[in-house]
Amino acid sequence: MKKRVIVQFKQGATLKKTNMLAFGVLVAVALAACAIRQPPASPADISRAQQKWPAASAAQLADGRQVVIRRCGTCHQTPDPREFTGDRWIEVVGSMAKRAHLTSEEHEAAVRYGWSLTRN
Ligand code: HEC
């Protein structure tokens, strides 16, 4: 009798492990999908952003990319900045910043990263 309980417990543990693995795979797939919609800013994108905002840096744009990937996809699909004009991107991040609870640094980084990918 005691033995059976132990076996059942072990089966439960195995099932949990399988679920965790499936969850991990789903998360990996979701993150990969985001990465395609939010490519890193290229050196050309970075210098374009620096023409508009001299203080913009590669590090800031990389931070902005993480903000967009992590914070802008919780309510809807993460937006692809390349589908926006520069002005529209600035507007959209402005209207969503409060919803995404962005700090002013996160807001600025997200604006500059996305803007660097837009083609006006
Ligand atoms: C708390 C939920 C939430 C978060 C977080 C959020 N959004 Fe939204 N977003 C919405 C809702 C709801 C709409 C539907 C339109 C509306 O109500 O304004 C929307 C609409 C949009 C649209 C379409 C609007 C249009 O006029 O075409 C874009 C683009 C967008 N969001 C971008 C973003 C970006 C960029 C971020 C991150 C800074 C973000 N969203 C974070 C809830 C959210």
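**Talking through the helical core and the ligand shell**

Colleague: Which residues have the most contacts inside the largest nonpolar core?

Modeller: Keep in mind that this is a predicted model. The largest nonpolar core counts 18 residues. Those with the most contacts inside it are Ala-41, Ala-49, Leu-61, Val-68, Val-93, Ala-110 and Tyr-113.

Colleague: And which element gives the most to this core?

Modeller: Two or more residues each come from α2 (43–52), α3 (58–71), α4 and α5 (104–117). The top giver, with 6 residues, is α5.

Colleague: Let's zoom in on Ala-41: which residues does Ala-41 touch, leaving out those up to four places away in sequence?

Modeller: Ala-41 is on the list of core residues with the most contacts. Contact here asks for C-beta atoms within 7 Å. Ala-41's partners on that basis are Ile-46, Leu-61, Arg-65, Tyr-113, Ser-116 and Leu-117.

Colleague: Okay, on to the ligand. Which helix gives the most to the shell around it?

Modeller: The ligand has 14 residues around it, and Cys-72, Cys-75, Met-96, Arg-99 and Ala-100 come nearest. With 3 residues in the shell, the helix that gives the most is α4 (residues 86–96).

Note on methods
Residues numbered from 1 in each chain as written. Predicted model: local features only at pLDDT ≥ 70, side-chain atom pairs only at ≥ 80, totals over all residues. Near = placed C-beta within 6 Å. Helix = DSSP H or I, 4+ residues; strand = E, 2+ residues; numbered from the N terminus. Core = buried A, V, L, I, M, F, W, Y, C linked by C-beta atoms within 7 Å. Buried ≥ 20, exposed ≤ 12 C-beta atoms within 10 Å, placed from the backbone. Contact = placed C-beta atoms within 7 Å.
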